[in-house]
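Me: I would like to learn how to read the features of a model. Please take them one at a time.

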Amino acid sequence: MAGPAKITSLAARRVLDSRGESTVEVDLFGGGMMARVAAPSGKSRGRWEVQPFPDGGVDEAVERARKLLAPELSGMNADRQQQIDEKLHEVDGTDRFSRIGGNTAYAVSIAAALLSSKVHKKPLYQKLAGSGKVRISLPLGNVVGGGTHAKGKRTDIQEFLVVPSKASSAAQAAEANIKVHSEVAQLAVQKGSPMIGKGDEGGYVLDMTTEQALELISSACQTVSLATGADVRIGLDVAASSLWSKKEDAYVYKRDGRKLSEGEQIDFVLGLIERHRLVYVEDPLHEDAFEAFAELRKKAGGTLICGDDLLVTNTARIQQALKHGSANAIIVKTNQVGTLSDSRRAVQKAQSAGYVTVMSHRSGEVCSGELAQVAVGLSCPMIKCGVIGGERISKLNELIRIEEDAEKRKILAGMARIPA
Ligand code: 2PG
Ligand code: MG
């Protein structure tokens, strides 16, 4: 048995994410090992998320990690996640991680978990899951990207997602989504799309209305479901805060050419759910619309109504959603809240209320697989991590590795399932 994973030093640097924007990377050393984690960054960030970088940006974040965090963490035990995360809050001293930055908190917190897992030669997912069996999270990924994740002529809605609800393995799940992605391109070309580009997360950017895009994706899903048996279903991340205009008191769809009141938005989304058998709708309303979310959820039958910008992985906001009955699923992004312990608390609170927890990437990602380890470790039935592109595939490949490892250890309980 190795001794405690005692942290000996920390290094921090500025690196790049998949969008080519700067972010912070941290190396934690201890017990003869090194754990390296770079933080992803969002573009359609929720107003209630913690601050990703301190004023002064990434350079200031790196400087503060070296000066403020390195001396405080040195000598601490990385096996004690809670203590590490409390230390991050203590050194920061604000309630939004404005001093050290939420992205630095993310990188250090996950790196501590990774260091401990390396020192004790136990995979991260298993360390997080504790005893018992694990299920492989179902990958949810976008095949079409629009909104703030794309430029030029594009769909109003940010993400058109697919999930292989009956996939029998991690590899089959990833491949089914990839097949839908390429089928979508083929159909779009057939329909006369002049040129197909990709958005920040690798989904195709289509000059189409919401309805046209959904018809095309439905047909791609049918073809792939027939060929694979994976029953690929459709979801959306409406990212409605970016459509919402407070001034006009309306959701503004530029490409579709319409402005919808709150009630009309609810009816519009319900129509989409019905016509396209949507299993999942994320942020169908803006980030403070707890009551409108509740109205939609009550009318949406079994469809997962998921809060991302609404809930920002924050237990106080989950409490508010529970009071109103606003959602039945939650996006979990550790850098919305800063630390792994904070995320675990949010996951536990949401899961004990029966929510489906969806571990999620950010639009600006890095090429590593920890997200998959954390998703399986925290028993999230879904992982939103894209379909294609190195920084997305790295998570899908990690799911394949986790499945193989869990099988060897005889702790595999198969693929997760969602109400579909
Ligand atoms: C979202 C995410 C990830 P961002 O809205 O769910 O898909 O986007 O990272 O830009 O917040
Ligand atoms: Mg979202």
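Reply: Start with two terms. Two strands pair if DSSP finds at least two bridges between them. Helices (H or I, at least four residues) and strands (E, at least two) are DSSP runs, numbered from the N terminus. This is a predicted model: local features need pLDDT of at least 70, side-chain atom pairs count only at pLDDT 80 or more, and totals for chains, interfaces and linings use all residues. Residues are numbered from 1 along each chain as its sequence is written, chains are lettered from A and ligands numbered from 1 in the order in which they are written, and side-chain values use heavy atoms, leaving out hydrogens and water.

Me: Which residue stands opposite Met 33 in S3?
Reply: Gly 30 does. Strand S2 (residues 22–30) and S3 are antiparallel and joined by six bridges.

Me: In what order do the strands of that open sheet come?
Reply: Strands of a sheet pair through backbone hydrogen bonds, either parallel or antiparallel. Here the order is S1-S2-S3, with antiparallel pairing. S1 (7–16) and S3 (33–38) are the edge strands, each pairing on one side only. From one strand to the next, the twist averages 15°. Axes are lines fitted to C-alpha atoms, for helices over the stretch in contact, and angles run from 0 to 180 degrees between N-to-C directions.

Me: Which helix lies across S1 and S2?
Reply: Helix H1 (residues 57–73) does, running at about 175° to S1. Contact means heavy atoms within 4.5 Å.

Me: Which strands form the open sheet that includes S11?
Reply: S10, S11 and S12, in that order and with antiparallel pairing. Its edge strands, S10 (244–245) and S12 (258–260), each pair on one side only. Three bridges join S11 (residues 250–253) to S12. Val 252 faces Lys 259 of S12. Helix H7 (residues 262–276) lies across S11 and S12, at about 105° to S12.

Me: How should I read a helix pair? At what angle do H5 and H6 pack?
Reply: Two packed helices are described by the angle between their axes and the distance between the axes. H5 (residues 170–190) and H6 (residues 210–228) pack at about 135°, with axes 9 Å apart. That makes H5 oblique to H6. Angles under 35 degrees count as roughly parallel, over 145 as roughly antiparallel, 65 to 115 as roughly perpendicular and the rest as oblique. The residues of the H5 contact with H6 divide into ten nonpolar, four polar and two charged. Ala, Val, Leu, Ile, Met, Phe, Trp, Tyr, Cys and Pro count as nonpolar, Asp, Glu, Lys and Arg as charged, and the others, Gly among them, as polar.

Me: At what angle do H8 and H9 pack?
Reply: H8 (residues 290–299) and H9 (residues 315–324) pack at about 50°, with their axes 9 Å apart. H8 is therefore oblique to H9. Phe 290, Glu 291, Ala 294 and Lys 298 of H8 make the contact with Arg 317, Gln 320, Ala 321 and His 324 of H9. These residues divide into three nonpolar, two polar and three charged.

Me: Which residues coordinate the magnesium ion (ligand 2)?
Reply: Donors are N, O and S atoms within 2.8 Å of the metal (3.2 Å for Na, K and Ca); water is not among the atoms, so sites may look incomplete. Asp 237 (OD), Glu 282 (OE) and Asp 308 (OD) coordinate this ion at 2.0 to 2.2 Å. Their spacing in sequence is D-x44-E-x25-D. Glu 282 lies in strand S13 (residues 280–282) and Asp 308 in the loop between strand S14 (304–307) and H9, so the pair ties together parts that are 26 residues apart in sequence.
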